[in-house]
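Walk through this protein model from single residues out to the whole chain. Each stop gives the local setting and then the contacts.

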Amino acid sequence: MLLAFWGKTPRAGQPVTQFHPAVFHMIDVGCVAEALLRDGPPRLRQAITYAWQGAQIDALLRWLPFLVAIHDIGKISAAFQQQDAAQRDRLRHAGVYFSHQQVEIYHAEVSACWSHCYLREHEPNIPNELIWVIRDAMGGHHGRFAEASMFDIHKRLHHTERNEPRWKGWRQQIYHLLRELLAPNDISLATIDVPRLLRPATVALTGLIVWCDWMGSNECDFPLMPAMDVHAYLAHSRQQAQVALNTHHLAFKRDAPQYAGFQRLFPDIEPRPLQVVVDKLEASMLEQPLLAIIEAPTGEGKTEAALALARRIAAVRQIDEIFFALPTMATGNQMFTRLEKLYLCLYGTDGRVRLTHSQAIVVEDDLRRQLALHTDQNYLDAGGRSADAALEWFVGPKKAMLAPFGVGTVDQVELGGLNVRHYPLRLFGLASKIVIIDEVHAYDAYMNVIIDHTLTWLATLGCSVILLSATLLQQRHRELAQAFCKGLDVSPQIRPSIPYPLLAIYSHQACAYHPFTVFRPEQRFTLRLRGLHTPAEEARHLLHLVQAGGAVARICNRVDDAQAIYRALQELNAASNNCVLLHARFPLHERQRRERRISDLVGRTSTRSPTQPIIIVGTQVLEQSLDYDVDVMISDAAPIDLLLQRAGRLHRHHRSRPPHHQHPVLEVAVPFNEQGKPDWRRWQKIYEPYILWRSLAALNQDMCAGERAITLPRHYRELIEAVYGNTLSSDWYTDEIAQAEQAYQMSINVQAAKARTPLIPDAMRSAPIVEDSGRAFIDDETGEDANWQLAKTRLGDQVSLVPVYAVDGELSLDAGGTFRIPTDVPPTLEQIKDLITSAVPVTDRAVIAIYRDERRPAALRWPWSEIPALLRGLHPLPLDRATHSATLNQRRLRLDLELGLVIEKEQSEMAESWFEEEV
């Protein structure tokens, strides 16, 4: 009878008897666990071992295939078996009784309930804590831990099965059958004992179950199999599991990681002082999970130093898997190319890197093709197949986190610390990896709470974390170190005054500080403060700066300001090939084209003439996304750390300069009111006025005739601490700063409170993970939605719009109707990619409101009855073919080839909404 219960149903058209028995599926998943633990990535075994410290690891590893297999014992239940009508009727004909009154109960909950109530009956002396870990992993293998109490689940289970008493016996028989097939017979389950930390152990077991379940559910690897002898099927399943590992490139074949010095890893780079420090670290410091914080000015090679340190750790610990997290998709794309090139050199096609962010499906293939053109890489393996097959199994944002080498946005790391679906799998994907987080200073109070919480979890899971920053506040340094060390269960002895620049290491052993001299000569530039002028005046000033050659960048806080300045340049006939506008409100393909143009003009390898006039206008995307240099940087007033980050683009590369630009200049434009005082209202939704006040006060120190000499790195600490520290020794704007402080503190508290609400449970509590897990949330890394039950990785709302035109009853991506997409059938994958690359992010609140309105017009919805998953975060923006515009909620949206998406307010709204942000 046990083989009569279905686990996977036949395809349409197949007879109802062609199902895959549930017990066979459980055997498949157990065999996948055997294969992965034996021949899979070493990180997987180390992740389990580290998370289960305190338990008997040898016993655990022998019992794991069985524990993984019984994850679906809840499918042997009336609630599950009657879900498919044809299978229910088949079972009824076989004599199984089903109640006509169905009770909602999920099979994962039944698995959890069975473990909670009956595991001790079959496994004497098993500790309660071990039962809790197994129970919760069983209940969470489909992404959510069981939220109901075991009493409530048992009550519902009893109600739905009260007229068929054999269900309980069938589950027991399945348990003993699987135990006979997959469990060791010479040691008891109780021998495993209790892990030191229950919650990380639960996350690791859950992650392993999900990984094995997804592989065991793949019908290409484990096709439907009619009833046969279970012992014969066990042998067949073991063979299929090994084939699956080989097919999906999960059988470990890479050479053991080695490190022979920075110069061997990067032969084209002469080691700089920071990178020499990495080579001189004692190997004993790298044997256990650690936190490394690298603080250094721009241009010191922090990225290469982090990769070298990661490689050193890999050589010591023999685990080379890595995830590199960056603040934006643009920086993630650039890092992807660098990592792909590095790991291809180290491992060939076994070193492929997976890109992970919301647009990865669009840009990853293009980035690979561009890299292939520059490196002449052969993308075919020995069998003539595409080398991309090595990454086929890791498709999707969750499975991508399991790939050995990954790069993406910091949101992907944050989602491991938020109570969203499959967060244990995300954490398990990072467990025992080396995680690098760049620009760690660039995150706000909301994100910092999430990052700190996630750091604690990563420490409990055996990760080594490397944090990079040019401008990190000392207090923030301490918070990051304390968060990680909390997961190590140690108290770091942090210096009262932290040197700069330095490489700091925190581990079980001790705190170690390694200061170093900078490679780049002291960066000296002149700081000038001036008023913010009209777009026409700003444009004329830019032209004046480059009239005899030179490059200047103008960074605006708002997209519409950048567009207005560039439009003024057009009116002055100055917007030529040497003048580029870049902001986030361009379609992806156009933004990438403009980024390449900027790189050609002012990038590291550009060969521009000193007499060549170049003007770059943009928003904050110019702050982190590109490696370029200019002679003059003009920035709207911003927090001090961001201004210093932008100043790092001044004379960044060695090249000839025009005579009038031999000395770099940073101009900061301040919006003064009629009384001559700064008025931050236009930017208050972008940056905190309190921080802008303090930044301006700090810059005014030692100011003479509106100018001040700045020397980096000497002034980094001084300026950062003056703004973000506890004291400000300045008599500038003291009254205004005091007034703004209260609102700032309230804002910080609100952000922190919002961030704490969706956090996953504390890793260090000796209690089941479900005990205080709270409400489950929906993950939202893009800010697309506004549901109160969303877990956002960043504050702030936006909506992604795809400009489309109606042409002959179809959608078109161009007014001429060249790129058409039918409305009567769902789009193909290639058409979906075209739609994604055409999307534009919009943060205007009036536009967001209309797309959030459930009663919005049909034209603002996709026409297909079932929206493809990849398009659920995107919405159509229907444009008129003649004017390329649309009017929505008192906003006129116009797609301009040169300016990007222009958003204009109606005249009645202009005055009252002038201070709204659009970044």
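S885 lies in strand β25 (residues 885–888). Helices (H or I, at least four residues) and strands (E, at least two) are DSSP runs, numbered from the N terminus. This is a predicted model: local features need pLDDT of at least 70, side-chain atom pairs count only at pLDDT 80 or more, and totals for chains, interfaces and linings use all residues. Residues are numbered from 1 along each chain as its sequence is written, and side-chain values use heavy atoms, with hydrogens and water left out.

Is S885 buried or exposed? S885 is buried, with a relative accessible area of 10%. Buried means under 20% relative accessible area, exposed over 50%, and partly exposed in between (1.4 Å probe, protein chains only). The side chain of S885 makes a polar contact with the side chain of T883, at 2.7 Å. A polar contact is a pair of N or O atoms within 3.5 Å; within protein, one must be able to donate a hydrogen and the other to accept it, and residues adjacent in sequence count only if both atoms are side-chain atoms. Neighbours within four places in sequence aside, S885 is in contact with P878, L879, D880, R892, L893 and R894. Contact means heavy atoms within 4.5 Å.

Turn to E164. This residue lies in the loop between α8 (150–161) and α9 (166–182). E164 is buried, with a relative accessible area of 6%. Its side chain joins that of R166 in a polar contact of 2.9 Å. Not counting residues up to four places away in sequence, E164 touches G95, V96, Y97 and W170.

Next comes a set of paired strands. Strand β14 (residues 613–618) has 5 of its 6 residues buried, so it is largely enclosed by the rest of the structure. Which strands pair with β14? Strand β12 (residues 550–555) pairs with β14 in the parallel sense over 6 bridges. Strand β13 (residues 579–582) also pairs with β14 in the parallel sense, over 4 bridges. Two strands pair if DSSP finds at least two bridges between them. To place the pairings, A551 stands opposite I614 in β14, and L582 stands opposite G618 in β14. In a regular strand the side chains alternate between the two faces of the sheet.

M633 is in strand β15 (residues 632–636). At 0% relative accessibility, M633 counts as buried. Beyond four places in sequence, M633 is in contact with A553, I555, Y628, R646, R649, L650, V665, L666 and E667. M633 and G648 are 15 residues apart along the chain, and their C-alpha atoms are separated by 9.6 Å.

I361 is partly exposed, with a relative accessible area of 30%. Leaving aside neighbours within four places in sequence, I361 is in contact with L829, K833, I836 and L870. I361 and P397 are 36 residues apart in sequence and 9.8 Å apart in space, C-alpha to C-alpha.

Helix α2 (residues 42–51) has 7 of its 10 residues buried, so it is largely enclosed by the rest of the structure. The buried residues of α2 are R43, L44, Q46, A47, I48, Y50 and A51.

Now the cores. A nonpolar core is a set of buried Ala, Val, Leu, Ile, Met, Phe, Trp, Tyr and Cys residues joined through side-chain atoms within 4.5 Å. The largest has 141 residues, and W52 and I192 touch the most other members. Helix α1 (residues 22–39) gives this core its largest share, 12 residues. Not counting residues up to four places away in sequence, I192 touches W52, A55, Q56, A59, L60, W63, L67 and L130. A second, separate core of 61 residues includes F336, L355, V804 and L835.

Finally, the whole chain. Its secondary structure comes to 31 helices and 27 strands. The radius of gyration is 30 Å, close to the 29 Å that the globule rule gives for 919 residues, so the chain is as compact as a globular protein of that length. This radius is taken over C-alpha atoms; the globule rule is 2.2 Å times the number of residues to the power 0.38. Along the principal axes, the C-alpha atoms fill a box of roughly 90 × 70 × 60 Å. Buried residues make up 61% of the 919. Of the contacts with a separation of 6 or more, 75% come from residues 24 or more positions apart.
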